[in-house]
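Subject: Structure for your review

Hello,

Here is the structure we talked about handing over. My notes on what was found follow below it.

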Amino acid sequence: MSSIRVLNVAEKPSVAKAVAGILSRQGGGGMRVREGRSRFNKIFEFSYTIRGQQCQMFFTSVTGHLMELDFDDRYRKWHSCDPLQLYHAPVVKYVPEDKLDIKRTLEEESRKCQWLVLWLDCDREGENIAFEVVEVCTQANRHLNVWRARFSALIDRDIRESVEALIRPNQLFADAVDVRQEIDLRIGASFTRFQTMLLKDAFHLDFAADNRNVVLSYGPCQFPTLGFIVERYWEIQSHEPEEFWTINCTHNSDEGIATFNWMRGHMFDYTCAVIIYEMCVQEPVATVTKVRQQEKLKYPPHPLSTIELEKRASRYFRISSEQTMKVAEDLYQAGFISYPRTETDCFSQRTDLRAIVQEQQGHPVWGSYAQRLLDPGEGLWRNPSGGGHDDKAHPPIHPTKFSGGESRWSQDHHRLYELVVRHFLACVSKPAVGAETTVEVDIAGESFSASGRVILEKNYLDVYRFESWGGSMIPTYTFGQQFAPTTLTLDSGVTRPPTLLSEADLLSCMDKAGIGTDATMHDHIKKLLDRCYATKDSNTRFSPTNLGEALVMGYDDMGYELWKPYLRAMMESDMKLVSMGAKRKAEVLETCLEQMKACFQDARSNKAKLFEAMEVFFERSGRSGALEQHTGGDIIRRCGVCQESDMVLRQKPDGNFMVGCLGFPQCRNAVWLPGSIAEAAVTTNTCSICTPGPVFMIQFKFRRLDIPHNYNVNHLGCIGGCDEILKQLVEICGTGSRNTSTTPARARGPTTTSSSNQQRNSRQVACTHCMQYGHSSNVCPSQISHSSSARSRDVSQQNGDSSVPCETCGTPCFSRTANTANNRGRKFYSCQSQGCNFFVWVDNLSNSNGGRRAERANARTGGRGRGGRSGRVNAADTTFVSATGDPVSGRRCFVCGDPSHFANVCPSRGI
DNA sequence: GCAAGGTC
């Protein structure tokens, strides 16, 4: 039987070498290596038998995608077409210049072979690359019999099994990637060209030495990444510190000090806190109600995936994700660590983990730990637990070769290799063991708890020096034991805003939202820095730049969530449907691109929003004619607002006329003219009424059909305030577009309400969440929790949205608003639980807060026990409110107002 | 000059 010549192609040279090595060993024969056209992609030759068929194997590789997608030549230049055309412009898939040598190798080898076996990674991208290879190879030899090998790890058994069970490549998987590529290209290019050409020359971009090189890119991954940064930044900006109160208790004994925390945590209502504090102070005896001793385990981390490597390198060493991937690639190329781009965080059963540990035994620092791991007497070994992710292509990142440190390594190389090794050793180690003691005490019905921990066995913590497990001792307590607290204090604090996102936080956000892949996330982060959309401080925390914030603000003001991850999530779910065969590629492409095109058109018609947002941060340069109303024009009069510049007549891009101050943006004085004007020209006539003069009159020509029939189409008018006809026509026609049913009149920025934006958008674009028309995605009923912006202007405090525990029975009470004749609009808390009659006006609570704070300060710093046993509050001046809502003075019951007792023993509570 | 995805 004659031998079949088989061309095998892997996704990267390392896989070609590894698989060829495994198969040639199994085939029993030797392996020959020869050069291909590309110096990176060698060709391995050996004999092998597939299902009884003698084969002559030729094994080579590509380097990732062989082809690129781009627009047809006619559309590649930025000014070659309207960016809107990019939604339909023809696209071509081609082999770029730097891949031509690989293409030639494939063509030459194909001609010699009968079979083609594709060894691309077993994911959607791999399947797509497979079809690129098929296209090149079958063009050279159309008789090729095409096969796909599916393997999950580069180990003997997997490879042998996959070659015995060859299948056909999966067109649906490849289709899904085609969809993604085309959508990314069209959206990215259209929005990038649009916003760059619109804004770059219109503003003094202070961060750029030369505006000509500035690209304001938009991408479905980079923008949501920027969105995470901006959103957190806005959250911090809009944070309003809120004061809260908590009760703390300490107890000194011969064995040491125990700190007991209030189990309610903290309270935002001072009155509530002080009442409870009073109760504790009245009966300052602590009774131990619970002593719990537990063994606690702290588990080692899961095996290392790319994202975890990036996050941990950032957290432990402050190395950027981009640098981490660079160094990891270096270490991988030199054979010290396994493939660094992997989602997998569990080891295959077949991996020889002990062999990997064995290699590390000689290391001067962690070698002795590796020895302990392998010693059964130590009992330190534990099979690693997986995190449940498996990309079926690569194992978790682990050391593949011992090194005591190479002389050419940088500090980052040393650190990353150490992290990979220590992480691996930790994974196969037992968890740390601790003994935790929790003590709960009761003071006047309030619960407090204290806990302490001692570490019994460090185990993996011995080698994983990056993690610690704080321990603290507490004295011994027994159930029922009573003691007098050493201190019992009512303390205040204020809520703090969240911190800026760290690189590890950002990677987590992206991972959770499915933005980017393990191999590209660091690229998206770097792109934000390169584009000057964000900056990173020395603590690896990200802030948006003015430019980044302005762009997000502009789209947010339009009512669009182009900066949120939902668009990507929708594309991802569509891709999945395509790969499963539930939706056709053409159908998904058509609907998605139609929607994005409508969105693009709408964004373009709302470009004033982007301008307004940019104007918040940047000076206008005056170089752009994009919004003509701000520059040039015939003079009407001197501006009465700034008294420095002239007011000029301008026609806006939408065809409408206005009179604006040349001092814009410093002076925003403007007169908006009726939308029914067809022509307007400044005359030499001056108004005899309006002052200060001269005010030049304008000859208007109105469109007949756009004004009532009793008005003349020709009108010599004045914008100085005297012209009643002009005023009436503004009233009748509005100052916006001619046809309000399709493009409603729109005032400038701040006066435009967000609801009018939403209405406008909803007419043209389907919601990106539910694909329904009639609303935009930021008000989608299916996504309400996503829809509110964190920006302060959008934050509204509504009735019933915050609660305080009822001071009588503890049930959460929500604020409500009175609707009675005397108290309409006044807020109150009223307990809704059955039989409880607690009631208080909110303004009574807040009005008396100032005095109470002073009083509290006095109680804590005055001679009344600061640091002593009882920081008792002087309630003599406190204004309490009775259940009827009437204020009562003095030390009286909070519930019924009776001065003979406090609320904690009020008869109305059945005590 | 534009995207994101492979990889060197």
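Helix 5 and helix 18 are oblique to each other, because their axes cross at roughly 55 degrees, and an angle has to lie in the range 65 to 115 to count as roughly perpendicular. This is a predicted model, so please read everything here as computed from it. Helix 5 covers residues 171–199 and helix 18 covers residues 607–617, and the two axes come within 11 Å. The crossing of helix 5 with helix 18 is right-handed. On the helix 5 side the contact involves Phe-194, Leu-198 and Leu-199. Across from these, helix 18 contributes Lys-607, Leu-610, Phe-611 and Met-614. Sorted by class, six residues of this contact are nonpolar, one is charged and none is polar.

Helix 18 is itself mostly covered, with eight of its 11 residues buried. Among the buried ones are Leu-610, Phe-611 and Met-614, which also meet helix 5. The buried set includes charged residues too, namely Lys-609, Glu-612 and Glu-615.

Helix 6 (residues 222–237) and helix 14 (residues 521–530) have axes that come within 9 Å and cross at roughly 70 degrees. That angle is why helix 6 and helix 14 are described as roughly perpendicular. Gln-222, Thr-225, Leu-226 and Ile-229 make the contact from helix 6, and His-524, Ile-525, Lys-527 and Leu-528 make it from helix 14. The class count for this contact is four nonpolar, three polar and one charged.

Glu-503 belongs to helix 13, which spans residues 503–513. Is Glu-503 buried or exposed? Its relative accessible area is 1%, so Glu-503 is buried, the cut-off being under 20%. The side chain of Glu-503 has a polar contact of 2.8 Å with the side chain of Lys-536. Leaving out residues up to four places away in sequence, Glu-503 touches Ser-314, Ser-320, Ser-321, Ile-525, Lys-536, Thr-540 and Phe-542. One of these, Ile-525, also takes part in the contact of helix 14 with helix 6.

Ser-110 sits in helix 2 (residues 100–112). With a relative accessible area of 0%, Ser-110 is buried. A polar atom of the Ser-110 side chain lies 2.7 Å from the backbone oxygen of Leu-106. Beyond its neighbours within four places in sequence, Ser-110 is in contact with Leu-7, Cys-137, Ala-140, Asn-141 and Leu-144.

Lys-701 is found in strand 24, residues 696–702. Its relative accessibility is 37%, so Lys-701 counts as partly exposed. Residues up to four places away aside, Lys-701 touches Ser-676, Ile-677, Ala-678, Glu-679, Val-713 and Asn-714.

Some totals for the chain, to close. Chain A has 23 helices and 31 strands. It has 911 residues, of which 50% count as buried. Taking contacts between residues at least 6 apart in sequence, 67% join residues at least 24 apart.

Regards

Methods:
Residues are numbered from 1 along each chain as its sequence is written. Chains are lettered from A and ligands numbered from 1 in the order in which they are written. This is a predicted model: local features need pLDDT of at least 70, side-chain atom pairs count only at pLDDT 80 or more; totals for chains, interfaces and linings use all residues. Side-chain values use heavy atoms; hydrogens and water are left out. Axes are lines fitted to C-alpha atoms, for helices over the stretch in contact, and angles run from 0 to 180 degrees between N-to-C directions. Helices (H or I, at least four residues) and strands (E, at least two) are DSSP runs, numbered from the N terminus. Angles under 35 degrees count as roughly parallel, over 145 as roughly antiparallel, 65 to 115 as roughly perpendicular and the rest as oblique. A crossing is left-handed if the near helix is turned anticlockwise from the far one by less than a right angle, and right-handed if clockwise. Contact means heavy atoms within 4.5 Å. Buried means under 20% relative accessible area, exposed over 50%, partly exposed in between (1.4 Å probe, protein chains only). A polar contact is a pair of N or O atoms within 3.5 Å; within protein, one must be able to donate a hydrogen and the other to accept it, and residues adjacent in sequence count only if both atoms are side-chain atoms.
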